Amino acid sequence: MGIVGEKLDIDFVISTGDNFYEDGLKGVDDPAFYQSFVDMYTAPSLQKTWYTVLGNHDYRGDVGAQLSPILKQKDSRWLCMRSFILDGEIVEFFFVDTTPFVEEYFTDPGEHTYDWEGVLPRLAYHSELLKDVDLALAQSKAKWKMVVGHHTINSAGHHGNTEELKQLLVPILEANDVDAYINGHDHCLQHIIDNNSGIHFITSGGGSKAWSGDVKPWKLEELKLYYDGQGFMSMQITKSKADIIFYDAFGKVLHTWSISKDRSVAAWI
């Protein structure tokens, strides 16, 4: 990542959640913050702001710790909020807190304990969040609109589709001409283009463990990449196009794609 980041002269880094395994942070002084972030991403090119969302594993720990300004005092790169907007002028990234949408975490948590402080009552929380996302997308004047959340929407991976998001969030994405939805959750690298909406569903969940061979059938005309190993991705955006590149853990290019603002033009590069 450091080598690619230097080559591309990146402006910032996005993390798609599940920032600390297995159960988030225990508090603001948890050494995992150093082990999994501060002392891990040491390359000069990665000393930029990291815009971070929460994943379901993060909700199994102290959510307030990851949201605390104390972590930013420990490392100025760290920026984590539940839901927020990153304004990149020609592009806006809309970060959405997806974990509270998943009913199973509330009704059948199994052996896990979740930190729902600030989220309950659940239905009111995500109803308000959906209204905010819809309004923000509708008011956006950005050339590109990208939505970032932890959970999959469309995925051929282990977790598969998140039905709650398909039902509640996808209509908002489609109504507001969102270009791409970027997520983690499934431990793979993946690129799906929905035949009907043209939305790009991008999974970048290979930053830690990966699930070899764990893939479900998918329409080949929609599935442009499925890689069941570790890796990461980059995105370079201009007014006219967005270039996406997926890499394995050693920086080898696995897949490239260029999205044009003319939706009839999209091709490998």
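These legends accompany several close-up views of a predicted model.

Local features here need pLDDT of at least 70, side-chain atom pairs count only at pLDDT 80 or more, and totals for chains, interfaces and linings use all residues. Residues are numbered from 1 along each chain as its sequence is written, and side-chain values use heavy atoms, with hydrogens and water left out.

**View 1. The annotated domain, residues 6–188.** An unreviewed UniProt entry places "domain: Calcineurin-like phosphoesterase" on this stretch. UniProt positions follow the numbering used here, feature names are shortened, and annotations may be inferred rather than shown by experiment. Over residues 6–188 the chain is 30% helix and 16% strand, with the end C-alpha atoms 24 Å apart. Helices (H or I, at least four residues) and strands (E, at least two) are DSSP runs, numbered from the N terminus.

**View 2. Cis peptide bonds at Tyr21–Glu22 and Leu120–Pro121.** Start with Tyr21 and Glu22, which are joined by a cis peptide bond with omega of about -5 degrees. Glu22 belongs to the loop between strand S1 (13–15) and helix H2 (32–38). Now move to Leu120 and Pro121, where the bond is also cis, with omega near -5 degrees. Pro121 sits in the loop between helix H5 (104–107) and helix H6 (122–139).

**View 3. Positive phi at Asp177 and His185.** Asp177 is not a glycine, yet its phi is positive, at about 55 degrees. Look for Asp177 in the loop between helix H8 (170–175) and strand S7 (180–183). With a relative accessible area of 54%, Asp177 is exposed. His185, another residue other than glycine, has a positive phi near 70 degrees and lies in the loop between S7 and strand S8 (189–193). His185 is buried, its relative accessible area being 8%. For these labels, buried means under 20% relative accessible area, exposed over 50%, and partly exposed in between (1.4 Å probe, protein chains only).

**View 4. Strand S12 (residues 241–248) and its partners S11 and S13.** Seven of the eight residues of S12 are buried, leaving the strand mostly covered. Two strands pair if DSSP finds at least two bridges between them. S11 (residues 231–237) runs antiparallel to S12, and seven bridges join them. To find your place, spot Ser234 opposite Ile245 in S12; the hairpin from S11 to S12 passes through three residues. Strand S13 (residues 253–260) also pairs with S12 in the antiparallel sense, over seven bridges, and Asp243 stands opposite Ser258 in S13. The hairpin of S12 and S13 has four residues between the strands, and there Gly251 takes a positive phi near 90 degrees.
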